[in-house]
Amino acid sequence: MGLKEQIQNDLKNAMKAKDVFTRDTLRFLMSAIKQVEVDSRKELSDEDIIKIIQKSVKQREEAASQYKEGGREDLYEKEIKEANILKSYLPKQLDDAELEEEVKKIIEEVGATSMKDMGKVMGTATKKLAGRADGKRINQMVKKILG
């Protein structure tokens, strides 16, 4: 079963369970997926859907931090809860040790020796680790190893 079908099934289950919050979050996600499919006139792959989910999670987390700064705990909680529901559809994130190991392999693979080679490393790493680590974490790890 693909990711899109899984989300649709979870949406149906949320409707049956009368879980309004999960239902609304998944409906929003499905509408974002459908919008991209209509705009690009193609069926999205799981990788494309993961990118949409990552973008949505990032938006929620940014909004949550702004609500926190503004003292709006109620809206902060809502955004965090939505982000957590969406994160459940993302692949397992690499922990720091796993990320360091993967980045070291990529550095060896592309033959990087200094910070001058960071572009080559980042290009390969962001493709290989897509969905399992965000660009910011990859960037920090590459700087740590090459720096």
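This is a predicted model: local features need pLDDT of at least 70, side-chain atom pairs count only at pLDDT 80 or more; totals for chains, interfaces and linings use all residues.
**Exercise 1.** Describe the largest pocket: what is its volume, and which residues are closest to its centre?

Solution. 
- Start with the volume, which is about 520 Å³.
- Next, take the lining. Gln54, Val57, Lys58, Gln93 and Asp134 are the closest to the centre, out of 17 lining residues.
- Then assign helices. Both α3 (46-69) and α7 (135-146) supply at least two lining residues. The largest share, 6 residues, comes from α3.
- Finish with the classes. The lining holds 9 charged, 4 polar and 4 nonpolar residues.

**Exercise 2.** Find which parts the salt bridge of Glu109 and Lys128 ties together, and classify the exposure of each partner.

Solution. 
- Check the contact. The two side chains meet at 2.5 Å, N to O.
- Glu109 lies in helix α5 (residues 96-110) and Lys128 in helix α6 (residues 118-128), so the pair ties together parts 19 residues apart in sequence.
- Classify them. Glu109 has a relative accessible area of 51%, so Glu109 is exposed. Lys128, with 43%, is partly exposed.

**Exercise 3.** Is Asp117 buried or exposed? Treat its salt-bridge partner likewise.

Solution. 
- Identify the partner. Asp117 forms a salt bridge with Lys120, and the closest N and O atoms are 3.9 Å apart.
- Apply the cut-off. Buried means under 20% relative accessible area. Asp117 has 14%, so Asp117 counts as buried.
- Lys120 has 47% and is partly exposed.

**Exercise 4.** State how many salt bridges the model has, and name a network.

Solution. 
- The count comes to 17 salt bridges.
- Lys4, Glu37 and Glu43 are linked in a network of them.

Methods: Residues are numbered from 1 along each chain as its sequence is written. Side-chain values use heavy atoms; hydrogens and water are left out. On a 1 Å grid over the protein atoms alone, a cavity is a set of points where a 1.4 Å probe fits but cannot get out, and a pocket is an open set with protein on both sides within 12 Å along at least five of seven lines; lining residues have an atom within 4 Å of a point. Grid points are joined across faces, edges and corners, and a volume is the space filled by probe spheres set on the points. Helices (H or I, at least four residues) and strands (E, at least two) are DSSP runs, numbered from the N terminus. Ala, Val, Leu, Ile, Met, Phe, Trp, Tyr, Cys and Pro count as nonpolar, Asp, Glu, Lys and Arg as charged, and the others, Gly among them, as polar. A salt bridge is a side-chain nitrogen of Lys or Arg within 4 Å of a carboxyl oxygen of Asp or Glu. Buried means under 20% relative accessible area, exposed over 50%, partly exposed in between (1.4 Å probe, protein chains only).
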